[in-house]
Protein chains: 2
Amino acid sequence: MSRDVILLGHGSGGRLAHQLLDELIIPALSSVGPADQNDAAVLDAPPGRLAFTTDSYIVDPVFFPGGNIGDLAVNGTVNDLAMMGARPLWMSVGLILEEGLGKHDFSTILASMKRAADVAGVRIVTGDTKVVPRGKADRIFINTSGVGVLEHDLQINGARALPGDIVIVSGTIGDHGVAVMASREGLELDATIESDTAALNPLTSELVAELAGALHVLRDPTRGGVATTLKEIALQSGVDLRLSEDSLPVKAAVRGACSILGLDPLYVANEGKVLMLVAPEAAARALAILGRSPLGGDAAVIGEVVGKGTGRVSLEAGSGAVRNVEMLSGEQLPRIC
Amino acid sequence: MSRDVILLGHGSGGRLAHQLLDELIIPALSSVGPADQNDAAVLDAPPGRLAFTTDSYIVDPVFFPGGNIGDLAVNGTVNDLAMMGARPLWMSVGLILEEGLGKHDFSTILASMKRAADVAGVRIVTGDTKVVPRGKADRIFINTSGVGVLEHDLQINGARALPGDIVIVSGTIGDHGVAVMASREGLELDATIESDTAALNPLTSELVAELAGALHVLRDPTRGGVATTLKEIALQSGVDLRLSEDSLPVKAAVRGACSILGLDPLYVANEGKVLMLVAPEAAARALAILGRSPLGGDAAVIGEVVGKGTGRVSLEAGSGAVRNVEMLSGEQLPRIC
């Protein structure tokens, strides 16, 4: 029995750790042979500026409809690179395992990581594994860090929003957070709600190539959801945004689950959606690019930048009533990614 | 009271998370202003190959004689880059905090990270913070990933050991592991044993510059200690190594604590030492470089590569008796880094 679970010794750096690495982790994630295992990977970078990012994943439960902590961890870091207009190149994987984690579950997670990395075209080139005693972690935590290359001279970032910019979201919002929360709470739903976890770089690379200087901001609305992400951008750029409530794409099942769980979809995390702010003359082209991508099927214009300002974000209801949108407060959705 | 500790909401991505970032984490670690906080850092790389590495730190206790998890996490990743002959450039910091962690301790750890980064000349450019409920982690886990540049064409790695190479260690062995274990076990010692945690890149950059092609392997003997690290190198290079037991530099206090704790210093982790394998004609020069560095005060020749082979490492005692050295087995020293 104990042969099928992770032991403290698997984190020792000694014989057991090498066995786990050689028999399970390396074959699953990478093709680095024993002779090439060193303290760091040595790599040739293509020309261009580099993007560098990191994220730790502590999602509970580890397996949820539509994905697991493994593909989530790969896609999340790929997307952070993609949001800077970068092409993802290399990824590191830092594993913290709780003693007793089943090797079968661990293998499933590793296989999901590899598949996600292959889809995104990113290479897992370096890693680290630690094990903590039972009760000192929760099954598995994963850190992924990523390096990408910017093969253009554009400035795409949260400080570039301009008055008149159109705010577009690439698809329905709230799917990921609701899928995880419903799974954690054991909520029985009529329709299964699946996480939207996906690598967005195939989509963002097209947007960057075709929209060029008219593409001002790309950001994925993860923790804190669309509301918090747009508030960040408004503050960063010193502009005011106006959203239209009726235009927000939300699946009926997600809306229903949100009302049961007491959540507002505007604050729920997404893991396969991108918010973009584009010059008004480029909005139609952006929607066309989104429309022909499987990642942008339900894309919608959800608002605009109304002018220079102090970072105010407002939401206009169908009735014409307008309310302020603030960042997520409190601990509405812990351990969602 | 609750204002002085980390709350679940600090990991939400919302208002509390931004507060923690703006008031505590960013001022401590970095000088990135709010307008420049994006999903990834965008950086200009100097010419040369890049090195990329990652490590998670789960050390228990978090504070130990000679350091804490913060400087340990910075130095460890700096050293992994240094071992490839790279100059460390950028670092990411991924924090996993247990709800209830004291903000005072957290600030102390962050300040140590910044000091260590400044000493090593590495810039902390990107980060992430997650919070898990009480009992789902153990105070704080830190992942650091690092990117460095190789400003030369040398191949320095574990597969480059050649027959005749001299094995040198840069100083006394076992200090870090014994400092942590003695602290964890509440061992009362006559002399305080301090961790050797330190950034080795000032030393390795001199070794690389002065020894050039005669410098074959650099590796820091962390988890698994000198024994496991040399066994790895022997296997990777397909050579046999012979060590001389009497030449191993071990502080008397460390030797004493090891016998109380039932440890062999050869298997105990170091965090500020480097093993190097150099061509025989370069050994004297290597020792001279080490001798003039504060990081190499107790450097010693501890063995040599006896020939091509199957990765056998043997240890010759003063009596002339020879025994095989294998990798660390089991879980002798959990949570040492």
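I count two strands as paired if DSSP finds at least two bridges between them. Helices (H or I, at least four residues) and strands (E, at least two) are DSSP runs, numbered from the N terminus.

With that settled, I looked up strand E2 (residues 49-57) of chain B and found 9 bridges to strand E7 (residues 140-150) of chain B, the two running antiparallel. Within this pairing, Asp55(B) stands opposite Thr144(B) in E7(B).

**Basis.** The model is predicted: local features need pLDDT of at least 70, side-chain atom pairs count only at pLDDT 80 or more, and totals for chains, interfaces and linings use all residues. Residues are numbered from 1 along each chain as its sequence is written, chains are lettered from A and ligands numbered from 1 in the order in which they are written, and side-chain values use heavy atoms, with hydrogens and water left out.

**Sheet with strands from both chains.** I traced an open sheet of 5 strands, in the order E1(A)-E2(B)-E7(B)-E5(B)-E6(B), with mixed pairing. Strand E1 (41-43) of chain A and strand E6 (123-132) of chain B stand at the edges with a single partner strand each, so one side of each is left without a neighbour in the sheet. From one strand to the next the twist averages 15 degrees. For angles I use axes that are lines fitted to C-alpha atoms, for helices over the stretch in contact, and the angles run from 0 to 180 degrees between N-to-C directions. Helix H2 (residues 69-82) of chain B packs on this sheet and touches E2, strand E5 (87-98) and E7 of chain B (contact: heavy atoms within 4.5 Å). The direction of H2 makes about 30 degrees with that of E7(B).

I then looked at E2 in chain A. Strand E2 (residues 49-57) of chain A pairs with strand E1 (residues 41-43) of chain B in the antiparallel sense, over 3 bridges. Leu50(A) stands opposite Leu43(B) there.

**Interface.** The size of an interface is often given as the accessible area lost when the parts come together. I take buried area as the accessible area (1.4 Å probe) that two parts lose on being put together, summed over both. Chain A and chain B bury about 6,000 Å² between them, with 59% of it on carbon and sulfur atoms. Asp39(A), Phe52(A) and Arg223(A) supply 14% of the area that chain A buries against chain B, more than any other three residues. The contact takes in 77 residues from chain A and 77 residues from chain B.

Lys130(B) forms a salt bridge with Asp55(A), the closest N and O atoms being 3.5 Å apart. Lys130(B) lies in strand E6 of chain B and Asp55(A) in strand E2 of chain A, so the pair joins two chains. I also noted the salt bridge between the side chains of Lys130(A) and Asp55(B), at 3.4 Å from N to O.

**Sheet in chain A.** I followed 7 strands of chain A in an open sheet of mixed pairing, ordered E9-E11-E8-E12-E10-E13-E14. Strand E9 (215-219) and strand E14 (322-324) of chain A stand at the edges, each with a single partner strand, so one side of each is left without a neighbour in the sheet. Neighbouring strands are turned by 25 degrees against each other on average, direction ignored. Helix H5 (residues 201-211) of chain A packs on this sheet, touching E9 and strand E11 (275-278) of chain A, and its direction makes about 170 degrees with that of E9(A). Strand E13 (residues 313-316) of chain A pairs with E14(A) in the antiparallel sense over 3 bridges. In that pairing Leu315(A) stands opposite Arg323(A).

**Strand E12 of chain B.** Strand E8 (residues 166-169) of chain B runs antiparallel to strand E12 (residues 300-308) of chain B, joined by 4 bridges. The bridge partner of Val167(B) in E12(B) is Gly303(B). Strand E10 (residues 239-244) of chain B is joined to E12(B) by 5 bridges, again antiparallel. Arg242(B) stands opposite Glu304(B).

**Backbone.** I checked the peptide bond between Asp60(A) and Pro61(A), which is cis with omega about 5 degrees. Pro61(A) is in the loop between E2 and strand E3 (63-64) of chain A. The bond from Asp60(B) to Pro61(B) is cis, with omega near 0 degrees.

Technical notes:
A salt bridge is a side-chain nitrogen of Lys or Arg within 4 Å of a carboxyl oxygen of Asp or Glu.
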